[in-house]
Amino acid sequence: MPRRRRWLGPLAVNGTLAVICFIWLVPTIGLLVSSVRPAADVLNSGWWSVLPHQDYVMTKELPIPTGVTGDAPITIEGVSATFDAFRGGVTAPDGRRILWVGNRRTGRIEIQQKQWVAPFNFTLRNYQIVLSGGDKTYENTGGTLRTERGGDLGSAFMNSIAVTIPATVIPLTVAAFAAYGFAWMRFRGRMALFALLVALLVIPLQIALVPVLRDYTGLDLNGTYLGVWLAHTGFGLPLAIYLVFGFVAEIPRDLIDSAVTDGASHFAVFRRIIVPLSVPVLASFAIFQFLWVWNDYLVATTFLGGTQDVQVLTIKLVNLAGTRGQDWQLLTAGAFVSMIIPLIVFFALQRYFVRGLLAGSVKG
Amino acid sequence: MALTEPPLAAFNDEAPPGARARNLALGIGGVILTVVFLVAGYVILADKASPIPKPLITLLAIIWGVGGLLAIFTVSNWIVEQLPARAMQILLPAVFIGPAVIFLVYFLVLPSIRTFWTSFFDQDGAAFVGLANYIRVFTDDATLLAFRNNLLWLAIGASLTVIMGLLIAGLADRSRFEAIAKSIIFMPVAISLVGAGIIWKFVYAVRDPSSPQIGLLNAIWVGLGHSPIGWLADNQPFNNFFLIVVVVWLQTGFAMVLFSAAIKGVPADLLDAARVDGANEIQTFMRIVVPTIMPTIITVTTTIVIFTLKIFDVVVVLTNGNFGTQVIATEFYTQFFSNRSFGLGSAIAIVLLIMVLPVMIYNLRRFQQQQA
């Protein structure tokens, strides 16, 4: 068979792909690098300056010349310029730079030379501060003590776990029972109920927040784990049942019939046949729901936002972005704390994750 | 799927006479234990001034929530199984499906009706105001701007995501580095919109021209000889584009994975035939691959459109809805939480529901066809 030479050579394909991947990765790399740099470095230079590059490095320090007045030119190391010029740095013919640091009377002179540098002062202090609940005191490089308010993400991390695990397992369990009921029990209104379920798949959950929040206030469920578990269960159920049903309904009828003839109850069939066989679909949904709840902000802030003790990571992080928006070393560390579990899940269970995502693509 | 015959004897529940009394005692004990467990756990966890350390409370909460639910299912099933056969046949579906129906009705069906109802009342729900809230939704400058922005999100965000997803899936399919490239593009899907928001807020960071720019985009921009730009605040409405980019970055991996799976399913002889006819790779992709995977493209587009309609977290983190970047979901939140304007908030939520109605109807139609 005559085959035309491929128009897109491997080089063009891989090159384009590499450029796209690079663009995709760079923002996250910037986050990671910044989260382990000292605050002063983060605020004074871009995170990319940890890469090897040529920069001026001080080679010699001189005392300032005395008697400097007005705009009269000064001569330092054989170079003449005004004070203001030296303040901005003057490059000598030999490539050295002369810089006046400080003011006219108490400053000093730095003689700098271009050298290859990769200034990466690795630190975990940002993580200590952002995780800590109370104030965090530490010694600066100069020996002075400095106290910073902690981001309290450590306890938020625990809250995220306490919210996410039950908010994954509860809908999964309720959905597995319901999927079995829809697939293998005959009762009136079955089709109508299932049609309702399909309709609910894409409903925007904003619609539920107003009335449910009002009820929760009356029931004192605001700011409780229980309240947010139940809400996530309600919102996650349509997809959960739909997915598990699709799998459970395909299990061969003979298998269930023969067990029933042998006197097994529905409950026994469910526990000993259906659940073990459905592990793949249950795992897929579990991962999907776990990430959904872990990453959720809207539901969490609606039902937990008002209570400090139970706020999850996403809430604390949004607050941090609001109150300390310029403390990039803390924001980046905080964002990474919130990403660590999803990234572990992603890299460890990528196959299940993809399967869950493919199945979950019908969710609204 | 490899099915092994389960040991059916294990299902045989026929108990020897006399064991029935023991079974009953066990069951009643189980019921009492379950109730005690649920109540005790609730009391302990509801105590907001509890002296128990946080990790222990977390563990307790998880055991209580998960264990309690399993106990409820087991116990209610046991109770129903003690009933006469006829009653059991009627009640058993209720045990299996009942909890799900309660959740669906209470958290989705009833709220839709209640929100619809509330949307005809004033701020605190006291006076009936007819369509006033809806009229405000469609005349208020803030909400109109939110609608326009959502349209921008839909038009630019959804189409960019689909195009990038298709492009990367197509390229990866021809590359030796397919696995790693897909992993990199896919990774953002796992992280939260809040986290993604912070990642990109840092990329867009802007500082006074006298300080070094620590935001990547401004560093490049200044390096090219311009003065720094507040990407998220200046040049409205184009600043919306920089928010949209974040979600394209996050969602492209999702689109790519689905497209990639679909592209692998395109029959090879179809592609060969096109090549024999003299089509180059791009023509083959556009005229054979894209039409073949059209159903997947439609599914992905629908999902992204619904997702984009409800976009919220990214806007909150990046601009908090300032600088003319508010969207429907942030307007809902502002009315509902900040202004405590329940009627107007409800009306916005209903408008959101109306927007997804076509998808809902389409899904129902498809479901009906499958059943027929």
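Residues are numbered from 1 along each chain as its sequence is written, and chains are lettered from A and ligands numbered from 1 in the order in which they are written. Because the model is predicted, local features need pLDDT of at least 70 and side-chain atom pairs count only at pLDDT 80 or more, while totals for chains, interfaces and linings use all residues.

Student: What radius of gyration does chain A have?
Tutor: The radius of gyration is taken over C-alpha atoms, and the globule rule is 2.2 Å times the number of residues to the power 0.38. A compact globule of 364 residues would come near 21 Å. The C-alpha trace of chain A spans about 105 × 75 × 35 Å along its principal axes. For chain A the radius of gyration is 31 Å.

Student: How far apart do the C-alpha centres of domain 1 and domain 2 of chain A lie?
Tutor: In chain A, domain 1 covers 52–117 and domain 2 covers 153–360, with bounds from an automatic or database domain assignment. The separation of their C-alpha centres is 63 Å.

Student: Which helix gives the most residues to the side of chain A that touches chain B?
Tutor: Two residues are in contact if their C-beta atoms, placed from the backbone, lie within 7 Å. The contact takes 105 residues from chain A and 102 residues from chain B. Helices are DSSP runs (H or I, at least four residues), numbered from the N terminus. The helix that gives the most to this side of chain A, with 16 residues, is α5(A).

Student: Is B:Leu108 buried or exposed?
Tutor: A residue is buried if 20 or more other C-beta atoms lie within 10 Å of its own, exposed if 12 or fewer, and partly exposed in between; C-beta atoms are placed from the backbone. B:Leu108 lies in helix α3 (residues 85–118) of chain B and, leaving out residues up to four places away in sequence, touches A:Leu200, A:Ile203, A:Ala208 and A:Gly234. Because B:Leu108 has 22 C-beta neighbours inside 10 Å, its class is buried.

Student: Which elements of chain B are included in what covers the buried residues of α2(B)?
Tutor: Helix α2 (residues 54–81) of chain B has 28 residues and reaches 40 Å from its first C-alpha to its last. Its buried residues include B:Trp64, B:Leu69, B:Phe73 and B:Trp78. From chain A, the cover includes α5 (153–184), α8 (225–248) and α10 (266–277). From chain B, the cover includes α1 (19–46) and α3.

Terms used:
Helix = DSSP H or I, 4+ residues; strand = E, 2+ residues; numbered from the N terminus. Expected span 1.5 Å × (residues − 1).
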